[in-house]
Amino acid sequence: VRSRSNKWAVWLIFHAWGTIFSVSTLAVMIPNPITWILAILVIGSRQLGLVILMHECAHGSLFRTGWCNRFAGQVFCAWPMLADLPIYRKYHLPHHLNTQTNNDPDLLLTKHYPISRNSMKRKIVRDLTGRTGLNQRTGQIIAAFGDPSLDLVSRVTKFLREMGPQLCVQLLLFSLAYSLHLAWVYFAFWLLPMLTWHQLVLRIRNIAEHACVGAPEHPFQNTRTTEVSLMERIFIAPYWVNYHLEHHLLMWVPCYRLPLFHRLLADNGH
């Protein structure tokens with residue numbers, strides 16, 4: 001289950017981006033509300049897929065070699081999603097060490113569950129209207145500029161150091177759409193999914209993985225695996241992210257080996 005495959009890694013990154021470009025093309029060639037909504041949903045889920053593949057690279061488990069994980073995870077997965085692989089890795093690994101304890105940096109995402117139906121409805125509305133995404137991106141930009149008491153040059157330098165590569169990738173994607181005389185596609189089928197459906201899927205995944213679980217000290221009770229259908233794999237749980245308990249048991253197992261690990265656990269009575 002530990003064996004890593006560069007072919008699998010390249011295929012998954014190609015699949016994520018290939019799906020994004022294919023669905024965008026379909027929505028442009030057959031413009032109607034159904035194809036537009038479908039594009040937003042599928043692309044938002046593939047954007048989660050890029051985050052999942054970044055997560056795999058942060059664990060060093062997607063490719064066989066470290067530099068491939070660092071390069072591909074940063075350039076093709078993290079930067080397009082306005083993230084940074086080393087920063088994410090530094091943040092994420094304590095989550096595995098301290099899962100569902102007070103020292104878990106992800107605890108704030110799920111510790112308030114269960115919540116009322118009305119509260120959940122309000123969260124869904126905020127996600128689908130873009131309020132959650134805009135608030136997060138605004139906070140990210142403000143933080144990147146640093147302390148307001150610093151001089152302008154220092155703040156701009158800090159911002160470019162922390163957000164420069166990510167913004168360059170956004171400019172590249174916009175330029176690609178603009179060169180095809182389809183500048184609006186960048187906003188409709190990249191930014192809009194990122195700020196809406198992607199945010200809701202992230203929330204659903206957080207709930208599925210760590211909300212309302214049992215004892216933090218028990219490796220089979222501080223997270224859960226969820227069974228998913230084909231439709232759920234397309235729209236909510238790409239690239240085997242639903243095998244989250246298996247991932248926490250052995251975090252160095254590549255995502256494409258998690259179904260095998262799941263079967264091995266089940267065959268041995270777990």
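In this predicted model, the buried residues of helix H1 are Ala 9, Leu 12, Ile 13, Ala 16, Trp 17, Thr 19, Ile 20, Val 23, Ser 24 and Ala 27. An α-helix has 3.6 residues a turn, so residues three or four places apart point the same way. The cover over the buried residues of H1 includes helix H2 (33-58), helix H3 (66-78), helix H8 (152-179) and helix H9 (183-195). H1 itself runs over residues 6-29, and its 24 residues reach 34 Å from the first C-alpha to the last, close to the 34 Å expected at 1.5 Å a residue. At the N-terminal end, H1 is capped by Ser 5, of which a side-chain oxygen lies 3.3 Å from the backbone nitrogen of Lys 7.

Ile 13 of H1 also belongs to the largest nonpolar core, a set of 56 residues in which Ile 13, Leu 62, Phe 189 and Trp 190 touch the most other members. At least two residues of this core come from each of H1, H2, H3, helix H4 (85-97), H8, H9, helix H10 (197-210) and helix H13 (258-267), and H2 gives the largest share, with 11 residues. Leaving aside residues up to four places away in sequence, Trp 190 touches Trp 17 and Ile 20, together with Gln 47, Leu 50, Pro 80, Met 81, Gln 170, Leu 173 and Val 185.

Aromatic rings form a further theme, with 12 aromatic pairs found in a search of the whole structure. Two of these pairs are set out below.

| Pair | Distance between ring centres | Angle between planes | Arrangement |
|---|---|---|---|
| Phe 71 and Phe 76 | 6.1 Å | 85 degrees | edge-to-face |
| Phe 145 and Phe 159 | 4.3 Å | 10 degrees | stacked |

Phe 145 is partly exposed, with a relative accessible area of 27%, whereas Phe 159, at 11% relative accessibility, counts as buried. Elsewhere, Phe 174, Tyr 178, Tyr 186 and Phe 187 make up one aromatic cluster.

Arginine side chains also meet aromatic faces. The charged end of Arg 2 sits over the ring of Trp 252, 4.5 Å from the ring centre, while Arg 46 lies over the face of Tyr 239, at 5.1 Å from the centre of that ring.

Notes
Residues are numbered from 1 along each chain as its sequence is written. This is a predicted model: local features need pLDDT of at least 70, side-chain atom pairs count only at pLDDT 80 or more; totals for chains, interfaces and linings use all residues. Side-chain values use heavy atoms; hydrogens and water are left out. Helices (H or I, at least four residues) and strands (E, at least two) are DSSP runs, numbered from the N terminus. The expected span of a helix is 1.5 Å times one less than its number of residues. Buried means under 20% relative accessible area, exposed over 50%, partly exposed in between (1.4 Å probe, protein chains only). Contact means heavy atoms within 4.5 Å. A polar contact is a pair of N or O atoms within 3.5 Å; within protein, one must be able to donate a hydrogen and the other to accept it, and residues adjacent in sequence count only if both atoms are side-chain atoms. Rings of Phe, Tyr and Trp (its six-membered ring) pair if their centres lie within 6.5 Å; planes under 30 degrees apart count as stacked, over 60 as edge-to-face and the rest as tilted. A charge sits over a ring if NZ of Lys or CZ of Arg is within 6 Å of the ring centre and within 35 degrees of the ring normal. A nonpolar core is a set of buried Ala, Val, Leu, Ile, Met, Phe, Trp, Tyr and Cys residues joined through side-chain atoms within 4.5 Å.
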